[in-house]
Amino acid sequence: MLLACAASAQAADAENEDNVTGKLGGRLHWDIADFDNDTRGAPNANDSDLRALWLDLSGKFYGLNYKLEADFSGDEVLAKDVYVSKKFAPGTLTVGQFKQYFSLDDRISSNHMTFIERSYLVQNLAPTYRLGAAWLTARDGYTVGGSIYSLESIDVWQTEGLAVAARGTYAPWREEGKVLHFGLSLAHEDYDHPGADGASALRIRPRPAGIFSDNSRVTLADFSQGRDTRVDKYSLELAAVKGPWTFQGEAGGARFDDGQQEARLSTGYAQVAWMLTGEVRPYDAKAGRFGRINPQGRAGAWELALRYDTISGRQRPDGEPLLRDVQVSSLTAGVNWYPRPHLRLMLNWIDSRNRDRLQDLTLDRTRALVGRVQIDF
């Protein structure tokens, strides 16, 4: 009897200890860029900066999972993931600020993605961190996730409106070294009077050659005249792993309409990566995304990668000729060295080009050598 009571007390103590838990994590990304500008437009200046200095606290709180994450790299502290979630038998409910379920490239952590920059599709179409509520169901080989969210975030409350998004994935092959992944993402966003009454402007202006290439930006779509604007987005995903080789690609687009004009964006990318040292990129079937490379040898893991990326925008007033038809494209070659699982050095060569297709004219061609030192824990 005494032994039974002692065992019950120990079990209760252990359960109470698990009621509140916490784990500290973080990441540091230092980026540097050296530009080879042409004579068209303003040149981009060589630069370096602390791209990310994130700290997060995650754990459990009386049956709820939580995560509090912020970026301290800039002049202001910016909130990232700030949410609570609860697991049920059918799936997981999340409430707060989090990345929406949209696009394979955006769902992969910045600690694990192949290139320094995400694709044009993610940079210009993905909802990223927004306030809302989401549900995710993950079963054997497939995931279905959806969310209702505000277009504002904790730090950018001037972007007003509501939206819904959903993503589904299916992986008929999901063995180590043999993966085939399909995915579909959809989103509908309703912007309230963008560009007027204190609301943020709604413009699509890609950075062609990385975060420091502001002077090479061109406008693909502009809906900042204060009229309510509807936006419909989609993305189709295909990815595969075969031993040390990984292929990943997406094709997507968006339609903007404010009642007096419309714009259509088309975008897509295709990339291939090869682990020279034989490692296999892991796949998380419960999240429909790729994970961390773990080097096997003392010298670390080495990876070569190549990506073609493009996005174009066509905008016209109702019943009028095209106002703009602009394309941005780039070819990126990369080499990554993983000395340790949580340490990575990256080097990318980006060759980008902007074209005005109405005038059949090259507006800008910018090349950049971009590097990153990355540590996470």
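Predicted model: local features only at pLDDT ≥ 70, side-chain atom pairs only at ≥ 80, totals over all residues.
The protein comprises three helices and 20 strands. Its radius of gyration is 22 Å, close to the 21 Å given by the globule rule for 377 residues, and the protein is therefore as compact as a globular protein of that length. Along the principal axes, the C-alpha atoms occupy a box of roughly 90 × 50 × 45 Å. Of the 377 residues, 47% are buried. Among contacts between residues at least 6 apart in sequence, 60% link residues at least 24 apart.

Three cavities of 30 Å³ or more are present in the structure. The largest cavity has a volume of about 90 Å³. Its lining includes a stretch of sequence from His-112 through Met-113 and Thr-114 to Phe-115, together with Asp-105, Ile-108 and Glu-117. By residue class, the lining of the largest cavity is divided into four nonpolar, four polar and four charged residues.

Lys-99 lies in strand 5, which spans residues 92-99. The relative accessibility of Lys-99 is 16%, and because residues under 20% are classed as buried, Lys-99 falls in that class. The side chain of Lys-99 approaches the backbone oxygen of Asp-106 at 3.0 Å. When neighbours within four places in sequence are set aside, Asp-106 is also one of the residues in contact with Lys-99, together with Asp-81, Arg-107, Arg-118, Thr-128 and Tyr-129.

Conventions:
Residues numbered from 1 in each chain as written. Heavy atoms only, no water. 1 Å grid on protein atoms, 1.4 Å probe; cavity = no way out; pocket = protein on both sides within 12 Å on 5 of 7 lines; lining within 4 Å. Points joined across faces, edges and corners; volume = space filled by probe spheres on them. Nonpolar A, V, L, I, M, F, W, Y, C, P; charged D, E, K, R; others polar. Helix = DSSP H or I, 4+ residues; strand = E, 2+ residues; numbered from the N terminus. Buried < 20%, exposed > 50% of the residue type's maximum accessible area, 1.4 Å probe, protein only. Polar contact = N/O pair within 3.5 Å; in protein donor to acceptor, adjacent residues only side chain to side chain. Contact = heavy atoms within 4.5 Å. Rg over C-alpha atoms; globule rule 2.2 N^0.38 Å.
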